[in-house]
Each structure stands twice: as structure tokens, then as C-alpha cells.
Amino acid sequence: MKTLIIFLTCLFMGAFSFSQLPGRQQIQSDARLLSTKSNGYATIQTYNEAAKGSQFYPEVWSKGVLQTTDNLKYDSGYLFILDKVHQQLFVQTIGTSKIFNIGKNQIKQLRIHTDGKDHIFSVSDTYLKTKEGDFCEVLVDFPNKFSFIKIITTKYIHSDNTDFSKMRDGEFRDEFLDNISYYLIKPDLSFNKILLNEKGIKKAFPKNKLVSQYLELNTYVSNDENYQINMINYINLNINK
């Protein structure tokens, strides 16, 4: 395991590839934005570059827009990446090697552009008061109606030479293993963890006529995130009619 130390000084070294965070590099930091430990340092842990999966989302530095809790906006001059393992946001100043570690208590909303569309992120306790510290992707945000979020937490799993099924398949690499959870936030701000199958939908919306209508009008597709998003938008648009 490698450790990157971010110093609270104006010392930094040359440019590096956008494909990953550097293994060892001293970086200039912005005291107004940087979230640090009490000893004045913050650390980023990186892993075996050959591991299956990715520590980051997106897998490369990407354009986006960050809005802070004090309504500052960072967009055209910056690139963004989320560390799924440690649940941290890193921002790079375009054209330099400057990287900032943004504290969660300073993040109001993050919009990252990747795979041809915008993905909106917030901190999970904005929606789930009992779940603190994780980033969530906001799939549907509808105040006073139903909202829908996704939380991805990732573990680094070392290869296991006693796992004969993987050995048989020739898989000897370490792995970043994603755990994906979906939550439905109700108008009263209570929430349910929801499974992306028909049983999970009906459990989340018991005896809801709009759900029945949507299922009748649209052939159900199991484990389809977009199907769930479209259904919740349909409910929100028709709930008071």
C-alpha cells in the first residue's frame, strides 16, 4: 500500500497522469478548502494498480461543478474524482499538479460529467439522517415528494490463493469490490432501502395505485436503475392528480 501525504505548504512537483492519483507527491493545498487532520496533514491511500475494478469514480479525472456550503462554485478550471474506498473528494486544478481534498462538511452538491451525462452527488446525511459520511448519487430529487439515491461503498480485497474457483478462472488479482445500495426517501423524510426488483418496488410502495399503473404501462425490467428512476418520476408527477 502506498501513502500520499498532502502538505499544507506551497510545495509541489511536476504533472502526472490523469488516469490515477500519484503514488508519492507533495502537493500545494488551499487552507480554506482543505480538510486536514489535527497534526496538519491529510493522507490518501492508493493500492495495487493491477487490481480488478477501481478505487475511484469516475476512473479518470473528469470535468464537473462543485458547489460548497458557503455557495462558492468551482467548475471550468477544475477536474474531479471520488475515492470510493475512503469516501473522499479530490479536486485538481487543470494544467497544474495541485490537488485539493474537500471536506464533506463543505460540499453542498457535486456534478460530475462522465459517460456522456451528468451525475449529481451529495453527502448521504443530507437525505438519510442516520447514515453519515458516505457520498450518494442523487438519482431523483423531488422536495416534498419521493427522492431516490444510490450509495456505493468499496472495499479493497486481497487476492486469495485458497479460492479455487478464482484460481481455476485464472483470476489472481486483488479486487475493488463495490457494495451498491439504493434508498427511497419519502415525503415525510423517512426512508427505505430498496431492492431493484418487482417485489422490492411493491414493498417500498405498498398498495400504491400509481405503481400498479406504471407496471401495467411499462414492461418491468429487473435490476434496471433507469426503470426505477422513471417510475419514481412518474409517481411524483401524478401523485396529486
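This is a chat about a few residues in a predicted model.

Trainee: Before we start, what counts here?
Mentor: It's a predicted model, so local features need pLDDT of at least 70 and side-chain atom pairs 80 or more, while totals for chains, interfaces and linings use all residues. Residues are numbered from 1 along each chain as its sequence is written, and side-chain values use heavy atoms, with hydrogens and water left out.

Trainee: Okay, histidine 119: buried or exposed?
Mentor: Histidine 119 counts as buried because its relative accessibility is 6%. Buried means under 20% relative accessible area, exposed over 50%, partly exposed in between (1.4 Å probe, protein chains only).

Trainee: And which side chains does the side chain of histidine 119 make polar contacts with?
Mentor: Tyrosine 57 at 3.4 Å, and glutamate 137 at 2.6 Å. A polar contact is a pair of N or O atoms within 3.5 Å; within protein, one must be able to donate a hydrogen and the other to accept it, and residues adjacent in sequence count only if both atoms are side-chain atoms.

Trainee: New topic: how many aromatic pairs are there in the whole structure?
Mentor: A search finds nine. Rings of Phe, Tyr and Trp (its six-membered ring) pair if their centres lie within 6.5 Å; planes under 30 degrees apart are stacked, over 60 edge-to-face, the rest tilted.

Trainee: So why is the pair of phenylalanine 148 and tyrosine 182 called stacked?
Mentor: Because their planes sit at 20°, with the ring centres 5.6 Å apart.

Trainee: Are those two buried or exposed?
Mentor: Phenylalanine 148 is buried at 0%, and tyrosine 182 is buried at 12%.
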